[in-house]
Amino acid sequence: MQIIWRAFATGFFISYLPALVIPFKKNTGAGFLGTLVGIPLVLIMPKDQMLYSIGMLAIWVFAILVCKKVQFKGYVGHDNPKIVIDEMAGYVTAMAFLPRTWPYLLAAFVLFRTFDTLKPWLVKTFDRMENAFGIVFDDVAAGLMANILVQIFIIFFVRA
């Protein structure tokens, strides 16, 4: 059963790829790849806003459950870099209620990765929680911040 939890946690093992290519580097880019896996996930999400919201909530809950269940031998910390389901949940949040066109997919991607990497106040608050909720919700917070910025851009520059 542990292999199934690990498959979900690692984006079906995509987070193992960077370490195979660059084994000596600490920050391998697994989060970047996990966010990339979030793009097709967003594209298959329902277009209806209510259904998208329900799906997004289900992804958050599932991601927390996976983070609680998954185990990696030899890893002591609470937020293993191989876990990328949190990046997937964060990117789904970043794209909530946005048009699914490449400019928005890219803008949300770049902003989400920026907030996830820099860990501003709200993101850092969740990141300090040493539990599955904190693992997922630092990325959800980064996604929310990215979403808000893109929504503001749409209000002031696209709909003007």
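Which residues in α5 meet which residues in α6? In this predicted model, where local features need pLDDT of at least 70, side-chain atom pairs count only at pLDDT 80 or more, and totals for chains, interfaces and linings use all residues, Glu87, Gly90, Tyr91 and Ala94 in α5 meet Leu105, Ala108, Phe109, Phe112, Arg113 and Asp116 in α6, contact meaning heavy atoms within 4.5 Å. Residues are numbered from 1 along each chain as its sequence is written, and side-chain values use heavy atoms, with hydrogens and water left out.

The axes of α5 (residues 85-94) and α6 come within 9 Å and cross at roughly 130°; axes are lines fitted to C-alpha atoms, for helices over the stretch in contact, and angles run from 0 to 180 degrees between N-to-C directions. Helices are DSSP runs of H or I with at least four residues, numbered from the N terminus.

α6 (residues 102-118) also packs against α8, at an angle of about 135° and with the axes 8 Å apart. In this pair, Tyr104, Ala107, Ala108, Leu111, Phe112, Phe115 and Asp116 in α6 meet residues in α8 including Asp138, Ala142, Met145, Leu149 and Val158.

Helix α8 covers residues 132-158, and its 27 residues should span 39 Å at 1.5 Å a residue, the expected span being 1.5 Å times one less than the number of residues. The end C-alpha atoms of α8 are 38 Å apart, which agrees.

Note on methods
Helices (H or I, at least four residues) and strands (E, at least two) are DSSP runs, numbered from the N terminus.
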